[in-house]
Amino acid sequence: MPALATGQSIERYHITRWLGSGATGESYEAEDSMLHRKVTLKLIHQTSMLPDATRRQFFREMQGISILNHPNLAQVLDYGEFEGKLYVARRYVNNGSLLSYNGRVWFKAPLDVFDAIHYGHQLAQALQYIHNRGLLHGALKMSNILVLQDPTSENKRENSPFSLVDAGLAHFVRCSTEKKSTPLPITAAPEQLNKRIVPASDQFSLAVLLYFWLTGSPPFIGTSEEIKHLKLTETITPLSSFNPNITGEQDRVVLRALSVSPEDRFQSVQSFADALMLTLSPKTQPVFTMETGYSIFSIDLNSSGPTPHLPDKHVTEVNRHIEPVIENNLIEAEDSAITAHLIIFSPYTQEPTIVELRGKEITIGRAGSSDILLDRDDLTSRHHALLKRENDHFLIFDRRSAKGIQVNGLPIKSDKGYPLIDGDHITIGSYELTFRAVIHTNMDQANRSLASTA
């Protein structure tokens, strides 16, 4: 029986109807009488009056969550306490979640491989945004993914059809207020069985969702105890057994993200999504370069040759070897010892962009004069970053931007350049960039000169 009745009020929120109950609490459609807007009000499950320490923890965590601002996250509008009950208010969405009627019809599995991987990449960007700010989601599942639009709508390519909700809430409830007997969702990572949660736990949950989207079947089927055993023993049928359109490389990427140990998964949820995205890359694709316009790059997805060394400290799982086609207009200057690119993943487009880094200095920002223009994001400053080539390496500088720059999840100092190495992951506003570089030996340069004169 719902704890709140239609017509009842909690502070400024007037209850319109009960929406349902889940692991974290009961959800209601409500009217915000102050701002005259419809919201979803979640009343947090409580088995008893919370101790002061737990209440303070709730307010601390919600303070951090409420300032999150990402296109794929449902923003927390308000939170508080009423007569000993904790609540959270967020934007109301008519279509409901992936478990609603519209969600099940519009995104009926199995999805097209291209669409499933792109949707997964959009969700990964929101999760990485959360992780970069020292927070976790902790309960990625279908009921926590809101459906914003029909996938056939005209603006499908510009906007994600999904919005994540309940970041951090499920973990708080499970650890502080929820009965221990409540089973974990099928998307929960093995370590969550022991109430341990790390960023890689969200990666595991996303991999479960992608497995279902790509095959039409969850990776684990059975009772709670049977599913627990399957997770802990990595008893998972390869995706290609269900869907012949899945490649062996896509199998390997998803199954790695479903590893029992968090340390055996990808370094980050963004690295996992990037690796899947690059399995979709065509053999050749046009790439914009700042000096020569569009040039053709070869992306060899089946190469068995050597790949650039990725130091363990900065491992990235964008494990594809991208090397320029030898064309006259792509030959580097004689004094250059490095060929470098940025792979740019934008929340506003489905396709990643690969930009060749040419010249001594490359500016990045929202200003029209920027060499690399990131102009669709208010979190990006007009003059945000500077890339500077120094012999065989690149430095990235923060040009006193408002929101700063993160490399591999850590902020860099604005007063000096940060040296980049191959595979470094850069966050600028809502954009995620992967730095790829190949340092050429003297023999490499000699061979390239011979190739250009052959």
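Asp166 is buried, and Lys42 is buried as well. Their side chains meet in a salt bridge, with N to O at 2.6 Å. Asp166 sits in the loop between β8 (162–164) and α4 (169–176), and Lys42 sits in strand β4, so the pair ties together parts that are 124 residues apart in sequence. The model is predicted. In total, the structure holds 11 salt bridges.

**The sheet**

- Six strands form an open sheet, and the pairing is antiparallel.
- The strand order is β1-β2-β3-β4-β6-β5.
- The edges are β1 (9–10) and β5 (76–82), each of which pairs on one side only.
- Strands of a sheet pair through backbone hydrogen bonds, in parallel or antiparallel fashion.
- β1 pairs with β2 (residues 13–21) in the antiparallel sense, over 2 bridges.
- Opposite Ile10 stands Tyr13, a residue of β2.

**Helix α1 and the sheet**

- Helix α1 covers residues 52–66.
- This helix lies across three strands: β4 (37–44), β5 and β6 (85–91).
- Relative to β5, helix α1 runs at about 170°.
- β4, which helix α1 lies across, is also the strand that holds Lys42.

- Asp52 and Arg55 join their side chains in a salt bridge of 3.2 Å, N to O.
- Both belong to helix α1; being 3 residues apart, they are separated by about one helical turn.
- Asp52 is partly exposed, at a relative accessible area of 48%.
- Arg55 is partly exposed too, at a relative accessible area of 24%.

- Arg252 forms a salt bridge with Glu249, and their closest N and O atoms are 2.7 Å apart.
- Helix α7 (residues 248–257) holds both partners.
- They lie 3 residues apart, about one turn of the helix.
- Arg252 is exposed, with a relative accessible area of 53%.
- Glu249 has 19% relative accessibility and counts as buried, because buried means under 20% relative accessible area.

Definitions and conventions. Residues numbered from 1 in each chain as written. Predicted model: local features only at pLDDT ≥ 70, side-chain atom pairs only at ≥ 80, totals over all residues. Heavy atoms only, no water. Pairing = 2+ DSSP bridges. Helix = DSSP H or I, 4+ residues; strand = E, 2+ residues; numbered from the N terminus. Contact = heavy atoms within 4.5 Å. Axes fitted to C-alpha atoms, helices over the stretch in contact; angles between N-to-C directions. Salt bridge = Lys/Arg side-chain N within 4 Å of Asp/Glu carboxyl O. Buried < 20%, exposed > 50% of the residue type's maximum accessible area, 1.4 Å probe, protein only.
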